[in-house]
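Here are a few notes to go with your first look at this model. Have it open while you read.

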Amino acid sequence: MVFTYSLCHAVIDLVHWRDPKKSGVVFGVSLLLLLSLAAFSVISVVSYLLLALLCVTISFRIYKSVIQAVQKSNEGHPFKALMEKDVTVPPETFRKHVDLCLTHVNRVLKQMSRLFLVEDLVDSLKLAVVMWLLTYVGAVFNGITILILADILLFSVPPIYEKNKTQIDHYIDIARTQVNTTIAKLQEKLPGSLKRCKAE
């Protein structure tokens, strides 16, 4: 739970640009990765990334070996400190994260069951409208384009919101009031038995 909290806190710091260098690197790398995936297959992108990493490590290893041979020093392997680090995942940590994921999966399954089995007609209708709108979004954008737009929005909306919080909150309240009024009007027009189900 502490790990999840610290991870959420780190993500919030990144998208609010608390440390501009770190946020810039994460935004640049994530955008570059998504643009690469838009142009090439996943296998090609992963292969190129791993090949680039391998080229860097091999080049550094050869460079250090040449320097040691010229200077006649005996420093040893340049990655010795990293190689001695324990990179294995302890079973307790793994089980803890699996249990946490399982809790979220069960919550999602319960919610999906509630929506698709029409426990609450209004909520199921809302989902139907969202899915219908997403068919139009899917006709215009493919999945990777949506991910690129989401990445750009994730790193641009929070700072804009922080600077214009008062005005944005005012317009959000107006929109929320309008939506709630519309939903209330729709609920009044529902047949009596459905209204009773909603009240229960």
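1. Which side chain meets D123 in a salt bridge? It's K126, at 3.7 Å from N to O. Keep in mind that this is a predicted model. Both residues sit in helix α6 (residues 121-140), 3 residues apart, or about one turn of the helix. An α-helix has 3.6 residues a turn, so residues three or four places apart point the same way. K126 is partly exposed, with a relative accessible area of 41%.

2. The count of salt bridges comes to 6. One of them pairs R18 with D13 (3.7 Å, N to O), and R18 also meets E162 (3.2 Å, N to O). R18 is in the loop between α1 (2-15) and α2 (20-39) while E162 is in helix α7, so this pair ties together parts 144 residues apart in sequence. Relative accessibility is 26% for D13 and 48% for R18, and E162 has a relative accessible area of 40%.

3. Have a look at D151, in helix α7 (residues 143-163). D151 is buried but has no salt bridge, and the nearest side chain of opposite charge, K22, is 16 Å away. Leaving aside residues up to four places away in sequence, D151 touches F27, S30, L31 and L34.

4. An unreviewed UniProt entry lists residues 25-58 and 140-161 as "transmembrane region". In the model, residues 25-58 are 94% helix, with end C-alpha atoms 24 Å apart. Residues 140-161 are 91% helix, and their end C-alpha atoms lie 27 Å apart.

5. Helix α3 (residues 42-71) should span 44 Å, and its end C-alpha atoms are 43 Å apart, which agrees. Just after α3, K72 takes a positive phi of about 55 degrees.

Note on methods
Residues numbered from 1 in each chain as written. Predicted model: local features only at pLDDT ≥ 70, side-chain atom pairs only at ≥ 80, totals over all residues. Heavy atoms only, no water. Helix = DSSP H or I, 4+ residues; strand = E, 2+ residues; numbered from the N terminus. Buried < 20%, exposed > 50% of the residue type's maximum accessible area, 1.4 Å probe, protein only. Lys, Arg positive; Asp, Glu negative; His and termini not counted. Salt bridge = Lys/Arg side-chain N within 4 Å of Asp/Glu carboxyl O. Contact = heavy atoms within 4.5 Å. Expected span 1.5 Å × (residues − 1). UniProt positions renumbered as here; feature names shortened; annotations may be inferred.
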